[in-house]
Amino acid sequence: MQLPLSLRLAIEREADDIPTAELTEAAEQLSRSYRNPTAAANAIATARAGAAYAVVRMPATFAAVRAVLNELKRAVPDLQIESALDLGAGPGTVGWAAVETFAELRRIIFFEKNKDLIALGRRLARDAAEPVLRDAEWRRIDLTATDDFPSSDLVVCSYSLGEIELTNARRVFRAGVEAARKIFIAVEPGTPKNFQFIKTLRDEAIGAGWRIVAPCPHELACPMRGADWCHFAQRLERSARHRKIKKGELGYEDEKFSYLIIARDSAQRAPARVIARPQIQKSCVRLELCAADGELVSLNVTRKNREAWKRARKISWGDAW
Ligand SMILES: C[S@@+](CC[C@H](N)C(=O)[O-])C[C@H]1O[C@@H](n2cnc3c(N)ncnc32)[C@H](O)[C@@H]1O
């Protein structure tokens with residue numbers, strides 16, 4: 001997966017104005033902050049850090065959000081999303097993924113507290129092909145200081161709730177859900193801690209009568225126990241500049257994420273979800289599944305079942321089964 005071309009070019013233009021050593025230092029500082037939960041909330045403190053985020057993190061968060069929106073589209077193919085609200089928008093990542101998924105999108109509102117990121121997000125969208133991105137509304141807002149969110153078909157919190165202190169994050173979640181006319185989505189880094197947080201949001205949403213769309217194939221108790229946590233991976237291309245400033249050799253990386261998609265009304269769901277990388281052997285594909293009856297199941301698909309075998313050879317971690 002790759003960022004849209006006009007976004008890639010806009011990020012390159014931003015980075016061209018910054019000496020490589022400074023961008024590298026800003027990217028390293030960003031990584032240090034993200035490793036420290038108390039520093040993560042203010043990780044992007046300067047314009048340089050914003051540019052570093054756009055180069056080294058935005059492609060990955062975009063890839064995760066795009067994968068999640070693809071899953072939503074697969075589950076509810078006739079879903080129409082005309083308006084979207086992005087809470088903790090950073091440089092506008094969700095907007096770019098949403099326009100690729102929903103051609104009918106007519107209004108995007110970004111809520112973000114950091115003025116440098118708002119300015120960056122506006123500049124990045126200047127040459128976007130889609131008017132809805134160029135004309136998007138940006139509001140400088142601290143999410144913890146208001147729960148007055150404009151009602152929108154889709155509300156997304158992408159890699160933002162985890163940066164907010166827990167009690168406030170839950171308040172933002174509730175207000176975000178309240179504002180969602182059709183769908184609410186939370187995406188977080190795929191760590192055990194973030195999964196536990198997503199799981200609490202899931203329980204709360206079910207309790208409040210929301211319907212689970214994905215990743216869970218059921219609304220029963222989550223069967224993940226012990227050291228297991230529900231997360232997925234999306235492969236994305238690394239730009240030459242990304243490789244240079246991160247001193248990476250590989251032309252790609254795998255972004256790990258956990259997520260929750262809930263719907264206000266009815267939910268169409270996968271019958272089962274592939275929750276680990278499939279083990280593909282010569283005569284057997286082993287699938288780890290979360291099943292509709294709320295159980296975790298290991299399934300060995302062999303050549304004997306030709307139809308299942310054909311599907312299993314092509315299936316990926318995170319797909320519906
Ligand atoms: C890791 S970045 C994610 C940005 C973007 N959503 C993405 O997926 O690439 C987290 C963003 O949430 C914003 N944020 C964190 N706490 C916030 C708050 N209380 N109010 C508004 N924005 C907040 C940060 O400023 C930052 O831009």
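Colleague: In which strand is L85 found?

Modeller: L85 is in strand β1, residues 83-87; strands are DSSP runs of E with at least two residues, helices are runs of H or I with at least four, and both are numbered from the N terminus. This is a predicted model, in which local features need pLDDT of at least 70 and side-chain atom pairs count only at pLDDT 80 or more, while totals for chains, interfaces and linings use all residues. Residues are numbered from 1 along each chain as its sequence is written, and side-chain values use heavy atoms, leaving out hydrogens and water.

Colleague: Why is L85 called buried?

Modeller: Buried means under 20% relative accessible area, exposed means over 50%, and partly exposed is in between, with a 1.4 Å probe and protein chains only. L85 has a relative accessible area of 0%, so L85 is buried. Leaving aside residues up to four places away in sequence, L85 touches I109, F111, F149, P150, S152, L154, V155, V156 and A179, where contact means heavy atoms within 4.5 Å.

Colleague: What makes helix α4 largely enclosed?

Modeller: Eight of the 10 residues of α4 (47-56) are buried, so the rest of the structure largely encloses this helix. Among the buried ones are Y53, A54, V55 and V56. The buried residues of α4 pack against α1 (5-16), α2 (20-35), α5, α7 (115-125) and α11 (240-246).

Colleague: How do you know that S258 is buried?

Modeller: The relative accessible area of S258 is 0%, so S258 counts as buried. S258 belongs to strand β8, residues 252-263. The S258 side chain reaches the backbone oxygen of C230 at 2.8 Å. That is a polar contact: a pair of N or O atoms within 3.5 Å, where within protein one must be able to donate a hydrogen and the other to accept it, and residues adjacent in sequence count only if both atoms are side-chain atoms.

Colleague: Which residues touch the most other members of the largest nonpolar core?

Modeller: L72 and I185 do, in a core of 74 residues. Helix α5 (58-75) gives the most to this core, with nine residues. A nonpolar core is a set of buried Ala, Val, Leu, Ile, Met, Phe, Trp, Tyr and Cys residues joined through side-chain atoms within 4.5 Å. A second, separate core has 29 residues, including L87 and W210.

Colleague: Which residues are closest to the ligand?

Modeller: The closest are Y53, T61, T93, E112 and S158, among 19 residues that surround the ligand; a residue is near a molecule or strand if one of its heavy atoms lies within 4 Å of it. Ligand oxygen atoms lie 2.7 Å from a side-chain N or O atom of T93, and 2.6 Å from a polar side-chain atom of E112. For S158, the distance from a side-chain N or O atom to a ligand oxygen is 2.6 Å.

Colleague: Which peptide bond is cis?

Modeller: The bond from A214 to P215 is cis, with omega near 5 degrees. P215 lies in the loop between β6 (211-214) and β7 (232-237).
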